[in-house]
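Hello,

Here is the structure I promised to send over. Please have it open while you read, and my notes follow just below.

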Amino acid sequence: MPIASAAASVALEGFELRVLHLPLVTPFTTSFGTETVREAIVVRALTSGGDGWGEIVTSAAPLYSSEYTQSAWDVALRWLAPALLDRGTLAPEEVAGVLRPFVGHRMVKAGLELAVLDAALRSEGRALGEYFGVARDRVPSGVSVGIQRDPAALVDVVRGYLDEGYARIKIKIKPGRDVGDTAAVRDAFGGIMLQVDANSAYTLADADTLAELDRFDLLLIEQPLQEDDLVDHAALARRLTTPVCLDESIVSAKAAADALALGAASVINIKAGRVGGYLEAVAIHDLCRDASIPVWCGGMLETGIGRAANAALAALPGFTLPGDVSASSRFYARDIVTEPAVLEDGHVRVPTGHGLGVEIDPVALEDFTVARETLTR
Ligand code: SMG
Ligand code: MG
């Protein structure tokens, strides 16, 4: 399902970048550490036809991926935003091509592309979901649950999310906090949709431990091994009955095709930031749909900007598994948009307003800003 019709070109006048610090409602612990504040970068594209908003989903430290706030800030201001401003007038579909000579830095490319895309769609009066060609007006909402003090605490936290109505639970695992935690949740909630995410914490030498997870009827195990361990993921996939899903490893449509060809994954987590943009994300959706590979939409603790875009992406038909597309309140007491995503009957609504379909709350944006820089042509 390729994009139905190209978006309008925009005449770029500048980019405003901000680093935000948003306090989390509760600490979020994964195999690589604990976060209590979300450090995010928000992009505003300034165009002759109005503003557009995007989000760069880097974290403060290079733990999930090699990108991080300061690398993103530097490359955006020094190289990527200037390259786009040099072009002056361009269509959102041209952004990736202009930025292609610069290696890596996909989260930055994705944030810049989204800001241009939002500006273009707002100027045409078209919603992002409509642009993607989605047919659904809401998507089932899964929640990602961090590692807790002990398995009993994890069960309590999971119960809270189930009571809120979340359609699927994902728990984070790491060596020593895998089989016991998963058993506790499965014993407490027999019938729920459950999956685990290791964030690259294992090696193939841990295959016996990971095979113990097979008895819990999991939807999938996400990224057990390192980002560049495609061959080992294929070997592990042959050892497990639990489907192997890749997150960190899938950095492009090419990487997705390679992983599938190798048998390294039978499910793919699609995150626009990780793959360099929402258009590349749609391309991965399309290739997986053609190959009958289920996909789901991942999350990077997005603010209301990325959360709105993810809801639109997740409404494409190949997203057959619930994504990490949770309500804003999962992470934030206060968001930077006027109408943060809410959970309704286990679903999140696909915004229908122009562009991203959310409006920025200027006071909240200002309150959370810790650094700001504007580049103009
Ligand atoms: O946004 O709901 C969310 C977070 C989902 O667990 C989540 N993301 O590996 O899938 C993942 C993690 C990466 C986030 S750590 C920066
Ligand atoms: Mg993951």
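Let me begin with the ligand. The shell around ligand 1 is made up of nine charged, six nonpolar and four polar residues (Ala, Val, Leu, Ile, Met, Phe, Trp, Tyr, Cys and Pro count as nonpolar, Asp, Glu, Lys and Arg as charged, and the others, Gly among them, as polar).

Before going on, please note that this is a predicted model, in which local features need pLDDT of at least 70 and side-chain atom pairs count only at pLDDT 80 or more, while totals for chains, interfaces and linings use all residues. Residues are numbered from 1 along each chain as its sequence is written, chains are lettered from A and ligands numbered from 1 in the order in which they are written, and side-chain values use heavy atoms, with hydrogens and water left out.

In total, 19 residues surround ligand 1, and the closest are Ser144, Lys170, Lys172, Asn199 and Leu301 (near means that a heavy atom of the residue lies within 4 Å). On its own, ligand 1 has 440 Å² of accessible area, and the protein covers 100% of that (Shrake-Rupley method, 1.4 Å probe).

Next, the domains. The chain is divided into domain 1 (10-125 + 362-376) and domain 2 (130-349), with bounds from an automatic or database domain assignment. Their C-alpha centres lie 23 Å apart, and 35 residues of domain 1 are in contact with 38 residues of domain 2 (contact means heavy atoms within 4.5 Å). Each domain gives at least three residues to the shell around ligand 1.

Two residues may also interest you. Leucine 121 lies in helix H3 (residues 106-124); helices are DSSP runs (H or I, at least four residues), as are strands (E, at least two), numbered from the N terminus. Leucine 121 counts as buried because its relative accessibility is 0% (buried means under 20% relative accessible area, with a 1.4 Å probe and protein chains only).

Alanine 91 sits in the loop between strand S4 (89-90) and helix H2 (92-99). At 10% relative accessibility, alanine 91 is buried too. Leaving aside neighbours within four places in sequence, alanine 91 is in contact with Ala7, Ala8 and Ser9.

Best wishes

Notes. Buried < 20%, exposed > 50% of the residue type's maximum accessible area, 1.4 Å probe, protein only.
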